[in-house]
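Dear colleague,

Please find the structure below, with its sequence. My notes on helix packing and salt bridges follow it.

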Amino acid sequence: MPYLGGEETVRELRRALSNPNVQSDPLRYRNTILKVIRTMSQGVDVSGLFSEMVKACATVDVVQKKLVYVFLCSYATLNPELSLLVINTLRKDCQDPNPMVRSLALRNMTNLRLPSLVEYVEQPLTAGLRDRAACVRRVAVLGWAKLHNLHPSSEIDAAVVNELYSLLRDPDPVVMVNCLRALEEILKEEGGIAINKPITHHLLNRLKECDIWGQSEVLRVLQRYRPQSEDELFDILSLLDSFLVSPHPPVMAATLSLFLSISSNLPVISLAALERVSGPLLAACGSGSREMRFAAVCHIQLLLRSVPGLLGPHYKRFFCGYAEPAYIKERKMQVLVELVNDENVAMILDELKGYCTDVNTDTAQAAISAIGRIGRSYSDRCLQILTGLLGLKQDHITSAVVQTMRDLVWVCPQCSDTVCLALDGCEETLQDIQGRQALLWLLGVYGERISTAPYTLEVLIDRVRSEASLGIKMELLTATMRLFLCRPAETQDMLGRLLHYCIEEETDMCVRDQALLYYRLLHCGIEKTREVLQGRRSDPSLGVLIGRPAKPVSQWARCFNTLEPLSQGAVEAESDSRGSPEHVTYNSKPNADLSDTLSCKLPFEGKRSRINLSACPLPEVDVGGKATKALFGYSILLN
């Protein structure tokens, strides 16, 4: 959208640029050009002034040249024919005695990005590679990379590539690093720059001359080199040792990545390097930059995979600050879980308990989840905290606690008695889907220990018509079926009503098919139903936190100093669905008779007919010493 009043502004600027009186006064002329740039930055289309600005570049004023070149590079693609007019001026400036003017002309000649100007640019760039001024050589080297990016399919002359290789030994370290970047871009299809022993040793010996980003670039490129002997390997490691404790996190991370790459066959060396970088990583966790702190914590999680107790004495460094963003707090809490031990468990749990009432719901739920993961090793202390949080009667806290308890009893079945006692009255507070699903799973699996389980399910069944969540309906079906198997007298009627609704009235096919599956499963017999629905109640194979075996460094070394640790947690991923824990693979014992029974057609399949289920003899269930028929007295319409 054009800037309001832009056309009148452009006309005024054109008159000023064409005014001989303004052109004769260098200061007024420069200020007018400055107004053009300022107007352009405000969103006004000033491309109509291209001709006047081309004329303005013919000046000895370096400041005015810079302003004009900014304009020309911005609008060159809109005026490719008029851009040819400025080439002669730029080529003339490439021979100016002032190296700043020469470098400025070369930079802007390549920034025009016009394919029609390539033939005019190659000769000045080639001459720039041999220029006596380092600033010109820096620009010329990167200019060849820009030229290749403009025409990726075209091949750069071999003489230019050889010239770039020779400039790796340029006395200026910036020129050397720029050559690495340019050759990596130009030779991308061939795998990048060829790294051999002489080049590697030359780059390592000049590493201290480079700036921070130059050192990071050199270290990144050297990861492709493999030492030819063990003596050479240790010579390289000795050269890199001082960079492991660099105060600059990018250099430290790049050095460690190179360490892990070339010493992959020496795990002892890799572990020693991890211990060396623990200090700089901890220092980065206290950086003033939030992004730096987040990246440091994420990479610390990688280190803890192979050295779990590496930062145990420094666990307080991962306590969350009040003003820290939620994403940093969550990662720090994950690290605290990994650092817990007998000596600091009380302090860490007390700290996490304070986060559970944070105003940010994500932080509060992450803290509750962290307490649950610690509960795998210290169940009594954690359950006491979780039970106390239920008394707060806050929706998001209750939901997170119920989900955490569900996950905890799946890993530690010995906690089930305490969890069952704590669930009384939770259904009144729960509102979100994940929390209600977790509660339904607990009511179904441990319903025989929860006195109010049938009444809670009955309330939900009575409201099933207004329930919008399909996940809740499917979990409700499974929970009611499981509760029927252990408390049939209290659950029989409500199960019949639920099956009636799901089979006859429910429009979603997933819910309807699940209800039909359970109905047919009941026809196969109570024992078969119990065998299918009452499987494992826990998975102790997930193990506890303390005493877990350390993972080899090679499993994660490739992603160190990349964006991958920032996008995934370094701890075990919890169930994304937050549904039933039975999503864990369960290889049950195959039963041919059961599959044959389920696959056989029922008498009423294949035709539409109204069947009275009270006439279908279902298995007898013994309740309190009495034989009771498991009958569903309703009529349904089956397809």
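The axes of helix 21 (residues 361–374) and helix 22 (residues 379–390) come within 9 Å and cross at roughly 150 degrees. Here axes are lines fitted to C-alpha atoms, for helices over the stretch in contact, and angles run from 0 to 180 degrees between N-to-C directions. Helices are DSSP runs of H or I with at least four residues, numbered from the N terminus. Helix 21 passes helix 22 in a left-handed crossing, meaning that the near helix is turned anticlockwise from the far one by less than a right angle. I368, I371 and I374 of helix 21 meet C382, I385, L386 and L389 of helix 22, where contact means heavy atoms within 4.5 Å. By class, this contact has 7 nonpolar, no polar and no charged residues (nonpolar: Ala, Val, Leu, Ile, Met, Phe, Trp, Tyr, Cys and Pro; charged: Asp, Glu, Lys and Arg; polar: the others, Gly among them).

The model is predicted: local features need pLDDT of at least 70 and side-chain atom pairs count only at pLDDT 80 or more, while totals for chains, interfaces and linings use all residues. Residues are numbered from 1 along each chain as its sequence is written, and side-chain values use heavy atoms, with hydrogens and water left out.

Helix 6 (residues 80–93) and helix 7 (residues 99–111) have axes that come within 8 Å and cross at roughly 145 degrees. The crossing of helix 6 past helix 7 is left-handed. I87, L90, R91 and D93 of helix 6 make the contact with V101, R102, A105 and M109 of helix 7; the classes are 5 nonpolar, no polar and 3 charged.

On salt bridges (a side-chain nitrogen of Lys or Arg within 4 Å of a carboxyl oxygen of Asp or Glu), the whole structure has 29. One joins E467 and R436, at 2.3 Å from N to O. E467 lies in the loop between helix 26 (453–462) and helix 27 (470–486) and R436 in helix 25 (residues 433–445), so the pair ties together parts 31 residues apart in sequence. E467 is buried, at 17% relative accessibility (buried is under 20% relative accessible area, exposed over 50%, partly exposed in between; 1.4 Å probe, protein chains only).

D493 and R497 form another salt bridge, with the closest N and O atoms 3.2 Å apart. They are 4 residues apart in helix 28 (residues 488–505), so about one helical turn separates D493 from R497. D493 is exposed at 54%, and R497 partly exposed at 31%.

Regards

Notes
Helix = DSSP H or I, 4+ residues; strand = E, 2+ residues; numbered from the N terminus.
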